[in-house]
Amino acid sequence: NGRNRVEFYNVSGKQSQRMMQDVHWMRSIRQALENNEFVLHYQPLLHISSGTISHYEALLRLKTDNGLIGPETFLPAVARFGLMAEIDSWVVEHAIRALAEFSSRIPQLRLSVNLSTLAFENELFAANVRSLLKDCGVSGDQLCFEITEQMAVRFAVKTDRQIALLR
């Protein structure tokens, strides 16, 4: 508003409401991580020509008293509060455990998991994945990680290193 003046900060109703929602989501997400209150749904992906299921995509949902909440509702707050790496870890672990559970009945089962831009920031990511695959008796070729082009370009060196380790 210019120089040589004093301004008093006034949180507008809209900003205040957003802050309260963010705090609510932060508490809910932390609680969900601690109490295993997330759930994965598995969406079949069809091969267009043959009409057969090529693989499944793991989709994250949050269990609440009001039902399941999709990630578009809570992930913006998760990103603002820096909890994406924890969400990535939870999803990867539970996806691998699901593969172990279902592979005995469906040996050709493949699962796709979306990762955030922070997934490859963790230098131990590939080692943790390898360890989970080994512990659960799951073959690495049953798991596909999806990353955005933005992530691949922005974190090219780290992404290349992690992908090489995952291979």
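Buried means under 20% relative accessible area, exposed over 50%, and partly exposed in between, with a 1.4 Å probe and protein chains only. The model is predicted: local features need pLDDT of at least 70, side-chain atom pairs count only at pLDDT 80 or more, and totals for chains, interfaces and linings use all residues. Residues are numbered from 1 along each chain as its sequence is written, and side-chain values use heavy atoms, with hydrogens and water left out.

View 1. Helices (H or I, at least four residues) and strands (E, at least two) are DSSP runs, numbered from the N terminus. Read from the N terminus, the order of elements is α-β-β-β-α-α-β-α-β-α-α. The C-alpha atoms fill a box of roughly 70 × 40 × 35 Å along the principal axes. The radius of gyration of the chain is 20 Å, whereas a compact globule of 167 residues would have one near 15 Å. This radius is taken over C-alpha atoms, and the globule rule is 2.2 Å times the number of residues to the power 0.38. Of the 167 residues, 32% count as buried.

**View 2. Valine 78 in helix α2 (residues 71-80).** Valine 78 counts as buried because its relative accessibility is 1%. Which residues does valine 78 contact, leaving aside its neighbours within four places in sequence? They are Ile29, Leu83, Met84 and Ile87, where contact means heavy atoms within 4.5 Å. Histidine 47 is 31 residues from valine 78 along the chain, and the C-alpha atoms of the two are separated by 33 Å.

**View 3. A salt bridge between glutamate 93 and arginine 97.** A salt bridge is a side-chain nitrogen of Lys or Arg within 4 Å of a carboxyl oxygen of Asp or Glu. In this pair the closest N and O atoms are 3.1 Å apart. Both residues belong to helix α3 (residues 84-103), where they are four residues apart, about one turn of the helix. Glutamate 93 counts as partly exposed because its relative accessibility is 29%. Arginine 97 is also partly exposed, at 41%.

**View 4. A salt bridge between glutamate 123 and arginine 161.** The N to O distance here is 3.2 Å. Glutamate 123 lies in the loop between β4 (111-114) and α4 (125-136) and arginine 161 in helix α6 (residues 156-166), so the pair ties together parts that are 38 residues apart in sequence. Glutamate 123 is partly exposed, with a relative accessible area of 44%. For arginine 161, likewise partly exposed, the value is 38%. A search of the whole structure finds two salt bridges.

**View 5. Asparagine 4, in the segment before α1 (13-35).** Asparagine 4 is not a glycine, yet its phi is positive, at about 55 degrees. With a relative accessibility of 84%, asparagine 4 counts as exposed.

**View 6. Asparagine 36, in the loop between α1 and β1 (38-46).** Asparagine 36 has a positive phi of about 55 degrees and is not a glycine. Is asparagine 36 buried or partly exposed? Its relative accessibility is 39%, so asparagine 36 counts as partly exposed.
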